[in-house]
Amino acid sequence: MSCEQNPVIIRFWAELNSIRMKKTYLLGAISVLTLASLVAGYVGGSLARRGLHSEWLQLSGWGQDDLTPTNWFASNGNSRSAARLNAHMAGGTGTAPDFVWASEQSTSAVVYLKTTGTAAQRSFNDWFFGDFFNNQRQEAVVNSGSGVIVSADGYIVTNNHVVEKASQVEVVLTSKDSYQAKIVGTDPSTDLALLKIEGNRLPVITFANSNILKVGEWVLAVGNPFNLTSTVTAGIVSAKGRNLNLVNNLFPIESFIQTDAAINPGNSGGALVNTQGELVGINTAILSRTGAYNGYGFAIPSNIVQKVIRDLREFGAVQRAFFGADVVEIDARVRKQAGLTSNDGVMVGSMASYGPARDAGIKEGDVIKEFDGQAIDSKSTFDELLSYHRPGDEVSLVYERSGKRQSVQIKLTNTEGGLGAVKSEKFYSTELGAHFETVSKLEKDRLGITGGVKINQAGQGSLRRMGLRDGLIIIQINRTPITEIEQCIDLLRHSRGQVTVEGVDQNGRRSYFTYFSY
């Protein structure tokens with residue numbers, strides 16, 4: 001029997017041919033799928049770069065009703081889904097997101113700020129023979145920073161520390177057009193300031209919801225470091241809710257976004273944006289021993305920024321809501337001392353002599369677990385959630401006392417203990433070159449004083465030469481109690497001979513300053 005007639009051999013060759021045909025079909029199918037994947041990736045990336053992402057957003061379950069823009073700056077609550085979708089569209093196979101698109105959407109709204117101020121020049125003779133208040137040599141001081149356009153008619157947000165000592169602020173757009181800016185208002189508690197230029201149809205940045213920003217997401221820092229205009233650097237969100245004790249204020253609000261995107265001097269006031277080019281924060285600080293980038297940059301969350309600039313635009317001052325008590329972080333030491341079972345929440349520390357917390361029956365040692373339905377995991381989280389509210393807002397709290405959970409509704413108050421909007425009285429003295437403001441009832445209660453006038457900005461003149469600094473509250477001059485701004489300025493200007501100023505700082509420490517005036 002020949003090989004061709006052997007049934008075993010015939011069956012073997014038939015099965016072999018069948019396997020070869022299946023393998024050919026499989027390889028063909030793989031080739032088709034690979035080609036389809038490449039085409040889909042190319043088309044998806046092209047659509048993303050052409051700005052056709054808005055229709056894709058609706059497919060992800062988000063509609064236009066989910067967006068809550070105000071009537072004077074843009075806002076988008078869907079940035080996280082958009083960022084992830086566009087990252088996929090741009091890369092096709094999970095590669096890095098399209099930074100080109102994000103840069104194009106944000107750089108035109110980030111401006112260069114050039115500030116001009118003055119500093120007093122001292123000499124040996126000035127200390128003993130010069131007229132203390134009126135015979136000072138001044139030298140111009142020029143600094144720079146960044147800002148972000150938040151409305152088409154010329155409102156710009158930046159850091160307070162960029163403009164706080166400036167007598168003039170020049171704004172330069174990416175188009176190289178230049179404007180002189182007016183300072184609408186400042187908020188030292190958050191280190192934010194709002195400027196206004198006379199423009200129209202200006203490029204505007206879109207706000208994202210910083211609450212849904214996640215650690216590990218890509219972000220870009222846009223600003224003007226070292227006077228290098230329109231610089232973009234990339235990194236990720238390294239952490240959220242950082243409290244660094246950078247803000248020297250009695251009521252600081254610190255809940256920074258930490259990023260490893262390179263931030264350097266000149267970036268202050270610039271934008272931190274997501275992969276859609278939407279604002280998630282205002283770049284504010286770096287952590288470095290050299291003063292230059294060392295891998296740690298910090299930004300104020302965009303949700304805090306929105307609240308502050310709304311208030312500054314409407315009232316000229318931030319309408320801060322107060323709870324009526326301090327809260328402290330719960331760590332292993334606090335948990336052990338208080339006999340708690342976990343580190344969750346924040347503990348109520350010192351209580352004000354009046355206020356919503358005391359009225360609601362909250363006591364020292366209570367542990368706040370939730371604020372308006374959101375879990376509290378740190379003091380910075382509590383402070384941030386509180387900062388979104390205005391006086392008169394009602395919020396719900398869940399707190400724990402002796403192992404038992406309780407809930408309560410609280411109506412937040414202003415710095416005077418009321419429910420309405422407040423405007424602190426401010427005054428600028430040209431003779432002293434300094435800004436003064438009244439002291440709120442809440443500050444007086446916290447510091448244990450009955451009167452006083454606060455130095456809002458000491459300037460670079462006489463007060464700074466005396467050692468008086470921003471935030472100091474002057475309570476006595478030559479043993480005369482200070483109750484009004486005009487009285488304080490008059491005594492500083494006209495007292496002769498040995499003058500003694502008693503003041504209290506934001507931490508409650510009292511200091512005495514003595515000088516001779518002729």
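Colleague: What makes Arg390 and Glu314 a salt bridge?

Modeller: The closest N and O atoms are 3.3 Å apart, and a salt bridge is a side-chain nitrogen of Lys or Arg within 4 Å of a carboxyl oxygen of Asp or Glu, so the pair qualifies. This is a predicted model, where local features need pLDDT of at least 70 and side-chain atom pairs count only at pLDDT 80 or more, while totals for chains, interfaces and linings use all residues. Residues are numbered from 1 along each chain as its sequence is written, and side-chain values use heavy atoms, with hydrogens and water left out.

Colleague: Why is Arg390 called partly exposed?

Modeller: Its relative accessible area is 25%. Buried means under 20%, exposed over 50%, and partly exposed in between (1.4 Å probe, protein chains only), so Arg390 is partly exposed.

Colleague: What makes Arg401 and Asp366 a salt bridge, and why is Asp366 called buried?

Modeller: Their N to O distance is 2.8 Å, which meets the salt-bridge rule. Asp366 has 2% relative accessibility, so Asp366 counts as buried. Arg401, at 23%, is partly exposed.

Colleague: How do you know that the buried residues of helix H13 line one face?

Modeller: In H13 (residues 485-494), Ile485, Cys488, Ile489 and Leu492 are buried. Seen down the axis, they fall within an arc of 95°, so they line one face of the helix. The arc is that of the directions from the helix axis to the C-beta atoms. Helices are DSSP runs (H or I, at least four residues), numbered from the N terminus. An α-helix has 3.6 residues a turn, so residues three or four places apart point the same way.

How values were computed: Helix = DSSP H or I, 4+ residues; strand = E, 2+ residues; numbered from the N terminus.
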